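Please follow the explanation below with the sequence and the structure side by side. It moves from the sheet to the helices and then to the aromatic rings.

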Amino acid sequence: MIHSKRHAEILRLLSEEGTISIASLAERLGVSLETVRRDVKPLADDGSVLKMHGAVGLASMVGEAPFERRMRENAEAKRLIARMVAATIRDGEAIMLDTGTTTSFLARELLGHRRLTVVTNSSDIARTLATVNGNKVYMAGGELRSDSGAAFGISAIEFVSRFSVDHAVISIGAVDAAAGLTDYELEEAEFARMVLSRGQRSVVVTDHTKFGRQGLVRVCGFDGFSELATDRPPPPDIVAALSHGGARLTIATA
C-alpha cells in the first residue's frame with residue numbers, strides 16, 4: 001500500500017472508530033509501528049488527526065460521547081440486525097427495548113411503523129420514536145447516565161416490571177457458551193434481565209464481535225430468552241448452547 005493510500009485508509013478507519021491505538025493501526029495496515037508513526041505525522045501536522053499517548057484520533061471526533069462512538073462501531077452489521085428484527089414487528093404491537101447501540105438502530109428501523117407502544121430506559125430510543133406515527137412511549141425514570149442518556153437502578157426496574165409486551169429486546173455485551181449472556185455493568189445486567197422477562201417473545205440482538213467474550217455480570221443462560229439475532233453464524237459451541245437452551249438463531253444478511 002503506497003503512502004497516500006495508507007493516509008486514506010487511516011482516515012477511513014478513524015472515521016469509523018474515532019480513535020485507534022498505533023499498535024492496532026499497524027496490525028490492520030500490515031506495516032510496522034514506525035511506518036504508522038511516519039504516516040500519522042503529516043496528518044497530525046495538517047490538523048486532520050490528533051496524536052494522543054499511544055493512539056491517534058480523528059480531530060472532529062475526539063471528545064465525543066462514548067455512546068456516539070459505539071454507534072459507529074460495526075454500524076452496518078447492527079443496521080442489518082435491526083432491519084431484520086424490525087420486519088418481524090407489526091404495527092400496533094408493544095415492544096420493550098433496553099439501552100444499547102443495536103437497539104438504538106432498531107428504533108430507527110421502526111420509524112416506518114405506526115401505533116407502537118414502546119417501553120424503554122433509553123432517552124435516545126424515546127426521542128426517536130416518541131411523537132411520531134401515533135406511537136405511545138413510556139420511559140423508565142431514574143438517574144440518567146451521562147454517556148448513554150439511559151436510566152438505571154431500582155426505580156427503572158420497577159417501572160418496566162409493570163408492563164407485559166409482545167417483543168422484549170435487549171442488546172448484550174458478551175456471549176459465551178459456558179457463561180451465557182453477560183455484561184460489564186451490574187445495573188445494565190439487572191435491567192436487561194427484567195426486560196427479557198416481560199415479553200411474550202424475548203430477543204437478544206448482538207453483532208458477531210461479542211461472541212466468545214465474557215463480561216463481569218451474568219444476565220441469563222441460553223434458556224432465558226427465545227431468540228438470538230445476529231449478523232454472522234456464532235461459533236459451534238454457542239450454536240450448540242442455543243439449541244440446548246431452546247433459543248432460536250436468526251442471522252441477518254445483506
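Val169 stands opposite Val203 in β10. The two strands concerned, β7 (residues 165–171) and β10 (residues 199–205), pair in the parallel sense over six bridges; two strands count as paired if DSSP finds at least two bridges between them. Helices (H or I, at least four residues) and strands (E, at least two) are DSSP runs, numbered from the N terminus. This is a predicted model, in which local features need pLDDT of at least 70 and side-chain atom pairs count only at pLDDT 80 or more, while totals for chains, interfaces and linings use all residues. Residues are numbered from 1 along each chain as its sequence is written, and side-chain values use heavy atoms, with hydrogens and water left out.

The β7–β10 pair belongs to an open sheet of seven strands with parallel pairing, in the order β6-β5-β4-β7-β10-β12-β13. At the edges stand β6 (136–139) and β13 (248–251), each with a single partner strand, so one side of each has no neighbour in the sheet. From one strand to the next the twist averages 20°. Strands of a sheet pair through backbone hydrogen bonds, either parallel or antiparallel.

Helix α5 (residues 75–86) lies across β10, β12 (227–230) and β13, and runs at about 135° to β12. Axes here are lines fitted to C-alpha atoms, for helices over the stretch in contact, and angles run from 0 to 180 degrees between N-to-C directions.

Two other helices, α2 (residues 22–29) and α3 (residues 33–45), pack at an angle of about 105° with their axes 9 Å apart. They are therefore roughly perpendicular to each other, a term for angles of 65 to 115 degrees. Ile22, Ala23, Leu25, Ala26 and Leu29 in α2 meet Leu33, Val36, Arg37 and Val40 in α3, where contact means heavy atoms within 4.5 Å. By class, this contact of α2 with α3 has eight nonpolar, no polar and one charged residues. Ala, Val, Leu, Ile, Met, Phe, Trp, Tyr, Cys and Pro count as nonpolar, Asp, Glu, Lys and Arg as charged, and the others, Gly among them, as polar.

A search of the whole structure finds four aromatic pairs. Rings of Phe, Tyr and Trp (its six-membered ring) pair if their centres lie within 6.5 Å; planes under 30 degrees apart count as stacked, over 60 as edge-to-face and the rest as tilted. The rings of Phe159 and Phe163 are tilted, because their planes stand at 55°, with centres 5.3 Å apart. Phe159, at 17% relative accessibility, counts as buried, and Phe163 counts as buried at 18%; buried means under 20% relative accessible area (1.4 Å probe, protein chains only). Ring pairs link Tyr138, Phe159 and Phe163 into a cluster.

Methods:
Angles under 35 degrees count as roughly parallel, over 145 as roughly antiparallel, 65 to 115 as roughly perpendicular and the rest as oblique. Buried means under 20% relative accessible area, exposed over 50%, partly exposed in between (1.4 Å probe, protein chains only).
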